[in-house]
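This report describes selected features of a two-chain protein model. The sequence and the structure are shown first, and the description follows.

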Amino acid sequence: MNRLIALAALAAFAVTPAWAGKKDDTLNFGVYREVENYDFYFNTAREGILIQQLVWDNLIDRDPRTGEYLPLLAKSFKWIDDVTLEMELHDGVKFHNGEPFDADSAVFTINWVSNPTNKVITQANVNWMKNAEKLGPHKIRLHLKQPFPAALEYLSGTVPMYPKDYYAKVGPQGMGREPIGTGPYKVVAAKAGDFITMVKNPDYFKDSTKGQPGIGKIHMRTIREANTQFAELMTGGLDWIWQVPADQAEKLAANPRLTVKAAETMRVGYLGMDAAGRAGDGPLKNVKVRQAIAHAINRDSMVKNLVKGDSRVVHAACFPSQFGCTDDVRRYDFDPARAKALLAEAGFPNGLDIDIYAYRERPWTEAVIGDLRTVGIRARLQYLSYASLRDKNHAGETPFFHMTWGSNSINDVSAILAVFFGKGMPDDFARDPELHEWLRIADNSVNPDTRKTNYKKALQKIAEQAYWLPTFTYVVNVAFTRELDFTPDADEIPRFVRARWK
Amino acid sequence: MLAYAAKRICLALLVALTVSIISFGLLRLSGDLAQALAGQSSTAADVEALRKAYGLDQPLTVQYLEWAGKVLAGDFGDSFFFKEPVAAMLAQRLPVTMLLGASALTFALVLAVPLGVVAAMRPNSWIDRLALTLAVLGQALPSFWFALMLMIVFGLTLRWLPISGTGTWQHFVMPSIALGYYATPAIMRLTRAGMMEVMASDYIRTARAKGLRMPTVLFKHALRNAVIPVVALAAVQFGFMLGGSIVIETIFALHGVGYLAWESITRADFPVVQAIVLVLASIYVVLTLLADLLNAFLDPRIRIA
Amino acid sequence: MTAEALDSAKILEPSPVTQLRRRIFGHAGFLFGAIVIAAMLAMALLAPLLAPYDPYDQDLARRVINPIWHDDGKWAHPLGTDQLGRDYLSRVIYGVRISLLIGFATMIISGVLGTALGVVAGYFGGRVDMVITFLITTRLSMPVVLVALAVVALVGGSLTVVISVLGLLLWDRFAVVMRSATMQVRALDYVAAAQAIGCSAARIVTTEIMPNILNALIVVATLEMAHAILLEAALSFLGLGVQPPLPSWGLMVAEGKEYMFFSPWLITIPGVALFLLVLAINLLGDGIRDITAPENRN
């Protein structure tokens with residue numbers, strides 16, 4: 001009797017899961033991290049850039065394959081002088097709510113985001129712009145504070161255009177709840193930290209260099225558990241996931257329903273050390289301790305066994321393809337004996353205890369902890385979400401942290417050095433006036449040689465002083481259904497606009 | 001009855017008050033609120049201005065009273081992370097957790113009460129032993145492990161059930177089982193003990209002696225009495241489930257308050273954590289109060305005690 | 001009655017020791033629990049001798065090796081290696097120390113706290129009882145996992161923190177059970193007699209009450225020990241328990257969980273170990289109750 005009931009109950013539960021994907025023209029994808037606000041200027045998650053690509057447009061576009069700068073919402077652009085960029089805008093482009101895109105929207109957006117009192121989160125994305133000026137209904141001039149060679153790079157990635165009337169009315173919170181842009185996808189439903197649903201924008205402007213949208217509907221879900229994502233992908237509940245660890249990527253690749261692709265990204269891992277003593281008078285103020293740490297970590301083994309794929313060890317604090325990056329810096333080979341000797345010289349013959357902060361790839365940080373343990377450094381893991389670790393960093397409360405930086409996919413070394421070693425930056429734990437000066441010169445010069453020379457000096461000093469121990473470049477593994485035609489780009493920005501069903 | 005009810009309600013209010021003081025303390029212990037509200041790129045002057053504006057320069061008792069007043073009006077402040085009112089966030093997510101708790105409890109009752117009754121009818125039979133074994137095994141299975149196993153079997157291998165999310169009622173089946181299973185041992189043991197006690201009592205023996213049919217005796221007389229303590233336990237278990245759903249919600253990606261609580265803890269969003277602790281504790285206090293009153297109403301002996 | 005009749009009565013009624021022995025050996029659950037726990041204790045004590053490797057030794061070149069029952073398993077690592085190339089057998093062996101330590105220490109803290117409160121409430125009754133009942137109700141209304149997570153997040157996770165937090169949270173059942181047990185014993189005649197001849201409250205509690213509630217105490221203690229071990233595992237699973245690289249079984253399940261579809265032994269082994277330990281502790285508790293007070297079974 002009981003058995004019968006049990007069987008009947010099980011039969012009632014036996015339902016075929018809603019098979020998403022190609023059949024109902026919906027791309028379901030999963031992400032780990034919660035996006036706190038879908039307003040691009042008020043989140044720092046990589047997922048925010050992904051959404052920005054779909055919902056909004058920048059004035060300029062960078063072709064991810066050639067690296068060439070193409071006009072996007074701007075029909076054309078030209079430099080008037082070192083600090084003035086003139087742009088002719090497209091006519092007839094409309095925001096999703098019907099508001100026209102014109103010089104007013106562009107001027108409003110630029111002036112609003114570059115105003116520090118509006119507190120855009122990543123100030124480095126916008127603080128190089130002075131203001132914008134309207135020359136005609138579809139013509140503007142952008143004024144820079146000082147010469148800024150990476151201007152086009154930033155304009156093509158981190159300055160999406162917002163509708164003036166709407167944004168002035170609803171602000172960042174309203175924009176987060178109901179995002180409105182000119183982009184290839186329109187948001188139909190969104191809940192911060194949970195999901196966002198977008199449908200194809202039928203009126204997307206035809207001249208867009210990003211291409212026309214193909215897939216009808218795109219739905220993003222936040223799923224914290226990796227296993228849950230894998231299970232969803234294998235059963236068709238999700239069509240696309242990313243940041244799959246190397247081991248699992250290898251296994252998923254064996255599934256005939258799935259395609260797995262790996263792409264090296266501009267993301268570089270690093271061990272940040274509080275050389276300036278912002279978090280108190282800690283042992284890492286001593287350069288020998290920092291160098292000991294550098295010698296203690298077996299980065300080659302981590303790359304070969306943990307990260308795998310195209311990942312490589314980096315010695316300088318930059319991604320190799322970035323303008324200004326050089327490999328000609330001091331190298332710290334894996335040498336535990338040397339590390340121990342340095343620690344003893346620094347006055348820590350019995351090792352030391354320290355907190356290490358981390359926010360992603362926990363096993364990799366645990367491998368670092370394991371390496372440190374063998375030279376006598378007992379590191380306690382403090383594993384936080386990115387947002388709260390970033391806040392702790394900015395408040396100067398973290399003595400030692402294993403983190404990563406993707407340079408906002410900007411192929412210029414200023415996107416990394418200015419953020420972490422520039423004067424007055426909240427992430428600067430070196431507080432080295434010499435570095436401040438070299439970077440000031442390099443960031444604001446238009447002469448490539450001057451820039452290169454000064455960046456090189458800075459990178460060499462960073463390595464010599466072991467302010468940072470760069471670890472390796474990151475590979476992003478993407479796994480998706482065979483039915484999807486998708487190519488990952490090297491800049492770690494998935495472009496679903498170009499994705500199609502097979 | 002009235003005197004008992006009054007006494008019990010007083011206790012509940014006192015507990016609620018204490019819990020509110022503890023949750024208030026939780027937020028204050030988490031660091032400088034003014035700094036957290038001001039954000040990173042703020043100057044010392046900004047922080048001081050905010051400290052004044054939010055009354056954070058007042059004595060703690062004043063701060064507590066102001067806070068408690070706002071909470072009673074449904075204002076839990078804003079989340080540091082989402083910059084949205086916490087009350088609105090809870091209103092969106094509490095239904096998910098409540099639904100999960102309710103279906104988990106239903107599952108537990110449907111499984112445990114019949115097992116308990118049958119076990120009590122035939123003590124030391126194979127079914128009694130099976131029930132006891134289930135109870136003992138249930139108490140020893142780590143919940144996250146059990147949830148992952150369910151997912152492998154029913155989601156991945158058999159594909160009977162959707163794996164994560166909240167789209168349909170099927171989405172709640174696995175989480176409810178994973179969460180509800182932990183309440184079954186306690187409910188089953190209590191039903192069994194209650195039934196055995198009642199079955200041994202004089203009036204049941206009389207009823208049986210009068211020649212009433214066994215099912216009549218069982219359902220009309222015995223179960224009704226044995227079930228009283230089970231109701232109280234069920235209320236308590238429901239409260240535990242709301243608090244214990246963190247692990248289950250995380251694994252099945254149910255965006256309820258448990259998931260929100262954990263995410264908020266990892267990003268030090270303490271206004272949210274504080275509000276969730278307070279709300280869950282209050283629900284528990286109300287539930288146990290109702291259960292006690294119901295018990296007292298059904299069983300006059302309790303009122304005297 | 002003749003002497004012969006007395007003798008035969010003796011034969012029919014076995015001695016209490018024999019009775020106890022029969023109950024113990026007739027109780028499969030108790031035996032199983034006792035044997036498993038004895039084995040686990042031995043494993044904890046002899047860990048350095050039993051473990052083939054240092055449980056912290058990492059070797060990234062030898063990571064995620066399959067255990068011996070797979071075709072490519074190696075005898076060098078009978079249970080394989082984990083995601084950082086640490087020998088899994090050694091980690092499982094050392095892990096029992098952590099789980100037992102957490103279970104035992106938490107049980108002692110919460111036991112002392114809860115028993116003291118429960119006995120005081122049950123013995124003195126009245127206002128004292130009201131205050132303590134209020135404390136118990138307040139504690140019960142706080143969601144344990146949530147509060148534990150929040151406190152660990154504020155203070156930072158470590159073995160000491162986890163034990164202290166759990167110890168301070170799990171005293172409620174001790175208090176509830178001890179309170180009612182004390183009330184029952186207190187109502188007995190000999191306690192009233194002891195009071196009448198002027199014994200102090202402290203003396204009555206230690207000599208008359210405690211010995212009589214010891215059974216109930218042991219049963220609760222085993223339940224709470226098991227509860228603490230499971231809670232630590234859950235906290236570690238959520239990433240807010242003990243610190244890596246400590247070989248805690250809960251943490252091992254958490255670290256292995258990303259491999260559960262592809263290398264399932266990484267969570268199966270510590271999961272089963274955890275399950276066995278908790279099961280054994282629970283069975284031992286149930287067994288003690290059945291053996292010492294068989295009439296109260298369930």
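## Domains of chain B

Buried area is the accessible area, found with a 1.4 Å probe, that two parts lose on being put together, summed over both. The model discussed here is predicted. In this predicted model, domain 1 of chain B and domain 2 of chain B bury about 1,200 Å² between them, and 80% of that area is on carbon and sulfur atoms. B:Arg8, B:Leu26 and B:Leu27 supply 36% of the area that domain 1 of chain B buries against domain 2 of chain B, more than any other three residues.

The domain assignment places residues 2-72 of chain B in domain 1 and residues 92-299 in domain 2. Their C-alpha centres are 34 Å apart, and the contact takes 15 residues from domain 1 of chain B and 13 residues from domain 2 of chain B. One salt bridge is counted between the two domains. B:Arg8 also forms a salt bridge with B:Asp292, in which the closest N and O atoms are 2.5 Å apart.

## The sheet of chain A

In chain A, 10 strands form an open sheet of mixed pairing, in the order S8-S9-S10-S1-S11-S16-S12-S15-S13-S14. Its edge strands are S8 (185-191) and S14 (377-383) of chain A, each of which pairs on one side only. From one strand to the next, the twist averages 20 degrees.

S8(A) and S9(A) (residues 195-200) run antiparallel and are joined by six bridges; within this pair, A:Lys186 stands opposite A:Val199. The two strands form a hairpin with three residues between them, and A:Gly193 in the turn has a positive phi of about 80 degrees. S9(A) also pairs in the antiparallel sense with S10(A) (residues 217-222), over five bridges. Here the bridge partner of A:Thr197 is A:His219 in S10(A).

Elsewhere in the sheet, S13(A) (residues 352-358) and S15(A) (residues 400-405) run parallel and are joined by two bridges. A:Ala358 has A:His402 of S15(A) as its bridge partner.

## Helices packed on the sheet

Helix H11 of chain A (residues 362-374) lies across S12, S13, S14, S15 and S16 of chain A, running at about 165 degrees to S14(A). Helix H13 of chain A (residues 414-421) also packs on the sheet, where it touches S12, S15 and S16 of chain A. The direction of H13(A) makes about 155 degrees with that of S15(A).

## Helix H12 in each chain

Helix H12 of chain A (residues 386-394) is largely enclosed by the rest of the structure, because seven of its nine residues are buried. The buried residues are A:Tyr386, A:Ala387, A:Ser388, A:Leu389, A:Arg390, A:Asn393 and A:His394. They pack against S13 and S15 of chain A together with H12 of chain B. Just after H12(A), A:Gly396 takes a positive phi of about 70 degrees.

Helix H12 of chain B spans residues 257-266 and includes B:Ser264. Is B:Ser264 buried or exposed? Its relative accessibility is 0%, so B:Ser264 counts as buried, the cut-off for burial being under 20%. Not counting residues up to four places away in sequence, B:Ser264 touches B:Asp269, B:Val272 and B:Val273.

Conventions
Residues numbered from 1 in each chain as written. Chains lettered and ligands numbered in written order. Predicted model: local features only at pLDDT ≥ 70, side-chain atom pairs only at ≥ 80, totals over all residues. Heavy atoms only, no water. Helix = DSSP H or I, 4+ residues; strand = E, 2+ residues; numbered from the N terminus. Buried < 20%, exposed > 50% of the residue type's maximum accessible area, 1.4 Å probe, protein only. Contact = heavy atoms within 4.5 Å. Pairing = 2+ DSSP bridges. Axes fitted to C-alpha atoms, helices over the stretch in contact; angles between N-to-C directions. Domains from an automatic or database assignment. Salt bridge = Lys/Arg side-chain N within 4 Å of Asp/Glu carboxyl O.
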